[in-house]
Amino acid sequence: MNCPFCSEEMREGFIPAGNQLKWAESGAEETLWGTEGVPLNGFFGGEIKGFFCPGCRRIILSVPEKAESMGEKLRRKLGAAAQKADVAQKQWEDRRAEEKERKRKKNFGQKDPWEM
């Protein structure tokens with residue numbers, strides 16, 4: 001990609017971020033939940049892809065359509081965990097039923113019919 005300011009070739013890369021980064025308008029007020037603005041990455045951080053121009057020393061970042069909120073990320077992770085738990089429970093129930101059936105067949109001929 002060529003730089004729109006000086007037409008020099010730009011280098012592709014990323015900015016690692018430990019927390020959520022946002023673009024905020026000059027004079028934006030800080031609130032309890034942070035500054036209102038355009039999120040550039042998810043709530044727990046990540047990396048922001050962009051291009052760097054070594055000639056004019058500018059960085060151009062792509063703004064994602066929508067960064068995932070903390071609630072959305074937690075819902076997605078909890079949903080995946082619930083699916084795994086459901087699969088594990090089904091497997092456990094199937095193994096338990098097989099074990100019961102195996103024991104029933106094994107003990108079938110060993111009991112005295114008069115004791116039943």
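The legends below describe close-up views of a predicted model.

View 1. Ile-15, Leu-21, Ile-59 and Leu-61 together make a nonpolar surface patch of about 290 Å². Among these residues, Ile-15 belongs to strand S1, which spans residues 11–17, and Ile-15 counts as partly exposed because its relative accessibility is 31%.

**View 2. The surroundings of Met-10.** Met-10 is found in the segment before S1 and, with a relative accessibility of 5%, counts as buried. Leaving aside neighbours within four places in sequence, the contacts of Met-10 include Met-1, Cys-3, Phe-51, Phe-52, Cys-53, Arg-58 and Ile-60. Although Met-10 and Ile-59 are 49 residues apart in sequence, their C-alpha atoms are 8.9 Å apart in space.

**View 3. A charge over a ring.** The charged end of Arg-58 sits over the ring of Phe-5, at 4.0 Å from the ring centre.

**View 4. Salt bridges in helix H1.** The structure holds three salt bridges. Lys-90 and Asp-94 meet through their side chains at 3.1 Å, N to O, and both residues lie in helix H1 (residues 70–107), four residues apart, or about one turn of the helix. In the salt bridge between Glu-99 and Arg-102 the closest N and O atoms are 2.4 Å apart, and these two residues of helix H1 are three residues apart. Glu-101 forms a salt bridge with Arg-104, with 2.7 Å between the closest N and O atoms; because this pair is three residues apart in helix H1, about one helical turn separates Glu-101 from Arg-104. Glu-101 counts as partly exposed at 32% relative accessibility, as does Arg-104 at 46%.

Definitions and conventions:
Residues numbered from 1 in each chain as written. Predicted model: local features only at pLDDT ≥ 70, side-chain atom pairs only at ≥ 80, totals over all residues. Heavy atoms only, no water. Patch = residues over 30% accessible without salt bridge, like charges linked within 9 Å, V, L, I, M, F, W, Y side chains within 5 Å. Areas by Shrake-Rupley, 256 points an atom, 1.4 Å probe, with all protein chains shown as cover. Salt bridge = Lys/Arg side-chain N within 4 Å of Asp/Glu carboxyl O. Buried < 20%, exposed > 50% of the residue type's maximum accessible area, 1.4 Å probe, protein only. Contact = heavy atoms within 4.5 Å. Lys NZ or Arg CZ within 6 Å of the ring centre and 35° of its normal.
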